[in-house]
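Colleague: I would like to learn how to read a few features of a protein model. Please take them one at a time.

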Amino acid sequence: MTVAVDLRGYTRSAYHGMGNDEVANGDCKHSFMFRNSWTMGRPLVKDGRYSGLFPPLFLDKWRPDTLRSSKRPLDMVLERRALWHDRFDEECLKWASPPGSSKIILRLHYWSRFIFLMFFPIFCLAVVIQWLLAPDDPSFGEFLNGDVSLIFMAMFVPMLLCWSAGWFLETYFPRTVRQPIKGPKWELNRRTGLVTLYHKPGSNRTGEIRAQAPFREWDAYLLSLPGPQGNFWYQLVLVHQVHEWALPMSQMFAPTTNREQVLALWDVIRQYMNVTQPLPDMPVLEPYRKLDPTTLKYDNETGRDPNYWRNMDDDAYKAFCDRNYRQLCRYNWENECDQMQAADAG
């Protein structure tokens with residue numbers, strides 16, 4: 001649904017969707033190396049029908065229970081968020097990543113837990129089968145005292161130690177793990193329609209703008225990279241039409257073998273930036289819907305419950321996530337992209 005735009009809430013550079021996507025001025029300055037690095041994937045278009053589907057990662061990360069557990073009033077959040085380096089609200093999507101030491105601790109914690117839970121049951125099953133097939137019929141205790149215990153000590157004990165150490169630090173010393181973020185990396189601003197790249201966090205120019213241009217001057221590409229096992233990993237990247245500016249969205253949304261999730265991510269971003277559309281209806285954006293003019297008008301016209309996500313119980317939300325995933329897999333993304341590209345060429 002397209003809503004009449006209240007221009008008092010947005011600047012003149014805000015992105016209005018169709019008819020507001022003229023090409024950037026100037027000759028393209030992309031070098032051969034730049035084109036081969038960032039524009040070799042399938043181009044995606046900004047206009048066209050929205051699927052109304054969401055990347056499962058967003059739904060897992062921002063759940064209704066986080067809304068119910070939040071004890072901070074919205075006014076307090078609005079006062080403090082000007083100092084935040086990472087935001088996702090009615091004004092902007094600003095991304096920042098934690099310091100290197102925090103990322104190392106978090107990755108060791110979560111990856112060791114993931115690998116242990118994935119491979120330890122397989123290891124146990126293989127041990128039992130090997131014991132049953134052993135020709136000399138040893139007792140299970142004797143069998144475990146052999147090479148099995150050495151394999152367990154070499155492979156799984158380090159994972160348990162990393163998992164336990166990470167849990168201990170996150171539980172009792174959270175400031176050691178969640179260190180202050182030094183600065184933002186990039187920003188998509190709905191109010192102004194600008195895409196901003198910042199200098200590297202932690203440098204002498206932290207927080208200074210490195211590149212900035214209206215959203216309509218950026219093209220989106222679906223990059224596919226071959227993995228070590230022959231499968232493809234997909235990621236979304238925004239590339240400026242003239243300058244050598246690239247914004248890989250893998251910083252926020254890690255490359256995945258599920259192409260549909262990346263296409264759903266682009267669907268969310270282009271709707272978020274289009275001020276003729278309401279904000280994507282996700283739990284993370286519900287507290288801010290009444291602060292966006294287009295979304296407020298849409299919600300008033302449709303009678304949307306302002307606490308729709310907050311009041312949803314866990315079972316209903318799980319059913320919604322399952323339904324979203326099934327529809328995501330069945331949605332005809334290819335046909336949608338072909339139709340939009342044909343219309344754009346015409």
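Modeller: Start with surface patches: they are made of residues with over 30% relative accessible area and no salt bridge, like charges being joined within 9 Å and nonpolar side chains (Val, Leu, Ile, Met, Phe, Trp, Tyr) within 5 Å. Accessible areas come from the Shrake-Rupley method with a 1.4 Å probe, and for residues only the protein chains shown count as cover. A salt bridge is a side-chain nitrogen of Lys or Arg within 4 Å of a carboxyl oxygen of Asp or Glu. This is a predicted model, where local features need pLDDT of at least 70, side-chain atom pairs count only at pLDDT 80 or more, and totals for chains, interfaces and linings use all residues. Residues are numbered from 1 along each chain as its sequence is written, and side-chain values use heavy atoms, leaving out hydrogens and water.

Colleague: Which residues form a nonpolar patch on the surface?

Modeller: Trp111, Phe114, Met118, Phe119 and Ile122 do, with about 540 Å² of accessible area together. Ile122 belongs to helix H5 (residues 100-132); helices (H or I, at least four residues) and strands (E, at least two) are DSSP runs, numbered from the N terminus.

Colleague: How many bridges join S7 to strand S8?

Modeller: Two strands pair if DSSP finds at least two bridges between them. Strands S7 (residues 218-226) and S8 (residues 232-240) run antiparallel, with nine bridges. Leu223 stands opposite Gln235 in S8.

Colleague: Is Phe88 buried or exposed?

Modeller: Buried means under 20% relative accessible area, exposed over 50%, partly exposed in between (1.4 Å probe, protein chains only). Phe88 is buried because its relative accessible area is 10%. Phe88 lies in strand S2 (residues 87-88).
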